[in-house]
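Please take a moment to look over the sequence and the 3D structure shown below. The paragraphs that follow go through them step by step.

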Amino acid sequence: MTFLLLILTFLLIAIFHLGKDMETSTLQSIFIGIRPAIVGLVAAAVIVSLKDDNFYTPERPWHFYISIFLFLATLIGVKVMKINPIRMILYSAFAGLVLLY
């Protein structure tokens, strides 16, 4: 799956580099065709990550609560406090590493 994301990224960069005129019908058709593929890859990654082990295990029941807290903190940070989403993802990743491992 990661390989497919890399290929799509490479293709997008090549299309941007080679296609100086973004208004051509061929280039617009390519982007219309790529959209469902990207949505499908993201959906597949979400479905794969929805395993029980990622949310709750009897040995570590507090992992679920930490995950919910990090999600809500990121949501509030991005939507309410207007913090850059990439910065919030990095903060959440660091907090998750510190709190969960």
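Is I83 buried, partly exposed or exposed? With a relative accessible area of 24%, I83 is partly exposed, where buried means under 20% relative accessible area, exposed means over 50% and partly exposed lies in between, computed with a 1.4 Å probe on protein chains only. The model is predicted, so local features need pLDDT of at least 70 and side-chain atom pairs count only at pLDDT 80 or more, while totals for chains, interfaces and linings use all residues. Residues are numbered from 1 along each chain as its sequence is written, and side-chain values use heavy atoms, with hydrogens and water left out.

The chain as a whole has four helices and zero strands, and from the N terminus on its elements run α-α-α-α; helices (H or I, at least four residues) and strands (E, at least two) are DSSP runs, numbered from the N terminus. Of the 101 residues in the chain, buried residues make up 16%. Among contacts between residues at least 6 apart in sequence, 43% join residues at least 24 apart, a contact being heavy atoms within 4.5 Å.

Two of these elements, helix α3 (residues 62–79) and helix α4 (residues 85–100), pack at an angle of about 160 degrees with their axes 10 Å apart; the axes are lines fitted to C-alpha atoms, for helices over the stretch in contact, and angles run from 0 to 180 degrees between N-to-C directions. That angle makes α3 roughly antiparallel to α4, since angles over 145 degrees count as roughly antiparallel, under 35 as roughly parallel, 65 to 115 as roughly perpendicular and the rest as oblique.

Leaving aside residues up to four places away in sequence, T74 touches M88 and S92. T74 and M88 are 14 residues apart in sequence, and 5.9 Å apart in space from C-alpha to C-alpha. The side chains of T74 and S92 are joined by a polar contact of 2.5 Å, that is, a pair of N or O atoms within 3.5 Å, of which, within protein, one must be able to donate a hydrogen and the other to accept it, with residues adjacent in sequence counting only if both atoms are side-chain atoms. S92 itself lies in helix α4, is buried with a relative accessible area of 18%, and touches L70 as well as T74, again not counting residues up to four places away in sequence.

The loop between α3 and α4 brings the reader back to I83, which is found there and which touches G77, V78 and M88, not counting residues up to four places away in sequence. K82 also has its place in the loop between α3 and α4, and K82 is exposed, with a relative accessible area of 66%. The phi of K82 is near 60 degrees, a positive value in a residue other than glycine.
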